[in-house]
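Here is a walk through one protein model, taken one site at a time. Please keep the sequence and the coordinates open while reading.

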Amino acid sequence: SDDFFRLVHLLGSPAWIVRTLGTWETTAASMQEAVRSVDPSLPLHGFATMAEARSRSLAAHRFQAILLGTLAGVALLLAAIGLFGLIAQSLAERRREMGIRLALGATTVQAIVTVACPGIALTLLGVSIGMPLARVGAKVMAHLISGVTVSDPITYSTSVALFVLVSIFASVIPALRLTEIDIVDSLRSE
């Protein structure tokens, strides 16, 4: 019977959780001494605190969260660059039109709003379509999200605010080039 338990211990490497009042180093030394006094051939190694054990068990989830967060950040950056390019191209194509509007009395702010609004409207459309899809996706990935419920209003509102803020910057920054338009040159151009 003792040989069987020794074999199980050698092959199975059981884990022991010990609660102690002292430091873990003194407890580990005491445990090794006690085990050696019973059977010197039994291995006893791999001591760790509960914080270390918890950290090791959550390492894969932490990596997945960092990876998903990084990919989400890259996706947001690419969307902002794409929107910036779209608005800049639209402004380049509408330069003469904007020059005429400015010549006829439109203010620079009105012209900037005219150029920037389509980008912001596209983002609002994307958010209105994406939010229900995100809720469905959150239900699928609920096991990866610890401490956040599927219908967490703070997470959703923060995400929407971030998307809209990035959209505003990506739309307004190229539209600010309207302040550099020379009205006479834009009217002379084709």
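The model is a predicted one. It holds 2 salt bridges, and Glu97 takes part in both, pairing with Arg94 and with Arg101. Between Glu97 and Arg94 the closest N and O atoms are 3.1 Å apart. For Arg101 and Glu97 the N to O distance is 3.0 Å. Arg101 and Glu97 both belong to helix α5 (residues 95-103), and because they are 4 residues apart there, about one helical turn separates them. Through shared partners, the salt bridges join Arg94, Glu97 and Arg101 into one network. Glu97 is partly exposed, at 31% relative accessibility, and Arg101 is also partly exposed, with a relative accessible area of 35%.

The next site is a nonpolar one. Leu86, Leu122, Leu125, Ile129 and Leu133 form a nonpolar patch on the surface, and their accessible area together is about 500 Å². Helix α6 (residues 108-140) supplies the largest share of this patch, 4 residues. Leu125 lies in helix α6; its relative accessible area is 47%, so Leu125 counts as partly exposed.

Is Ser171 buried or exposed? Its relative accessible area is 0%, and therefore Ser171 is buried, the cut-off for that class being under 20%. The side chain of Ser171 reaches the backbone oxygen of Ser167 at 2.9 Å. Apart from neighbours within four places in sequence, the residues in contact with Ser171 are Leu83, Ile87, Ala116, Gly119 and Ile120.

Terms used:
Residues numbered from 1 in each chain as written. Predicted model: local features only at pLDDT ≥ 70, side-chain atom pairs only at ≥ 80, totals over all residues. Heavy atoms only, no water. Buried < 20%, exposed > 50% of the residue type's maximum accessible area, 1.4 Å probe, protein only. Polar contact = N/O pair within 3.5 Å; in protein donor to acceptor, adjacent residues only side chain to side chain. Contact = heavy atoms within 4.5 Å. Patch = residues over 30% accessible without salt bridge, like charges linked within 9 Å, V, L, I, M, F, W, Y side chains within 5 Å. Areas by Shrake-Rupley, 256 points an atom, 1.4 Å probe, with all protein chains shown as cover. Salt bridge = Lys/Arg side-chain N within 4 Å of Asp/Glu carboxyl O. Helix = DSSP H or I, 4+ residues; strand = E, 2+ residues; numbered from the N terminus.
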